[in-house]
Amino acid sequence: MAKNETEQTAAKDRAPLTAAEIGALAHLYRGEIYRSTVWRTRLDTTTNWSVVTLGVALSISFSSPGASPLPLILVGVLIIFFLMLEARRYRYFNVFRARARWMETHFYTPMLKEGDLHLEEHWQDVLAADYLRPEYHVSVMTAIGRRIRRNYFWILLIQSLAYAGKIAVHPTGVTSLQQAVARADIGPFPGELVLGTGLFYVLLWGGIAWWSTRTDAARARKRSSMTSMG
């Protein structure tokens, strides 16, 4: 109890930020904005790689009626690799974005609106703790889900529709389900296995995106308090 009372007294006795300290925070904010911008550019790079590789696969598969749909399947491996890489980059980006947003919310906004930084709310302690013990603010699965919802949903949708279209129209229009399944054969792998794997592929990433939506909603409710960051 005595320790808690001492900490509360120290918080109440915290002197207002000096001009030098405010200037240091301003430079810190600029640094976080710069780092978040750099990592945001890296996110765009991996998305561009996914779009380009999918475009190449589409060009090869639809170059002629007799072309194989296999490139549309193989490109899925590259797209998932880029998605994993982008999710990792997003976790870094989210740290710097969260810090910058925290300072905007608790430092700049009160300064502009009231002229009172409300240090008694301990927002500065949350920021200090994040610098002392830096860690990711979102899990890998949450990061993957967000990138699917923001970008990769459309990439995966185009890939899936293009594969289905290739099976349906080349070399001639499909006339039965059995014919479509037969066209999906890949070497020793029967069409049923290939299509089943493709369905699992779509449902898996769709499920992760749906799960991350619910997780983000819970995080948004938590961010309404003064104890969460990011």
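This is a predicted model: local features need pLDDT of at least 70, side-chain atom pairs count only at pLDDT 80 or more; totals for chains, interfaces and linings use all residues.
Tutor: Local features here need pLDDT of at least 70 and side-chain atom pairs count only at pLDDT 80 or more, while totals for chains, interfaces and linings use all residues. Residues are numbered from 1 along each chain as its sequence is written, and side-chain values use heavy atoms, with hydrogens and water left out.

Student: Why is Thr142 called buried?

Tutor: Buried means under 20% relative accessible area, exposed over 50%, and partly exposed in between, with a 1.4 Å probe and protein chains only. Thr142 has 4% relative accessibility, so Thr142 counts as buried. Not counting residues up to four places away in sequence, Thr142 touches Trp211, Ser212, Thr215 and Asp216 (contact means heavy atoms within 4.5 Å).

Student: And why does Leu157 count as partly exposed?

Tutor: Its relative accessibility is 31%, so Leu157 falls in the partly exposed class. Together with Phe153, Trp154 and Leu161, Leu157 makes a nonpolar surface patch of about 430 Å².

Student: What makes a set of residues a nonpolar core?

Tutor: The members are buried Ala, Val, Leu, Ile, Met, Phe, Trp, Tyr and Cys residues joined through side-chain atoms within 4.5 Å. The largest such core has 32 residues, and Ile79, Leu83, Ile144, Ile148, Tyr152 and Trp205 touch the most other members.

Student: Which residues does Ile79 contact, leaving aside neighbours within four places in sequence?

Tutor: Those contacts of Ile79 are Ser50, Leu54, Tyr152, Ile155, Leu156 and Gln159. There is also a second, separate core of 11 residues, including Leu17, Met103, Leu117 and Trp123.

Definitions and conventions. Patches are made of residues with over 30% relative accessible area and no salt bridge: like charges are joined within 9 Å, nonpolar side chains (Val, Leu, Ile, Met, Phe, Trp, Tyr) within 5 Å. Accessible areas come from the Shrake-Rupley method with a 1.4 Å probe; for residues, only the protein chains shown count as cover. A salt bridge is a side-chain nitrogen of Lys or Arg within 4 Å of a carboxyl oxygen of Asp or Glu.
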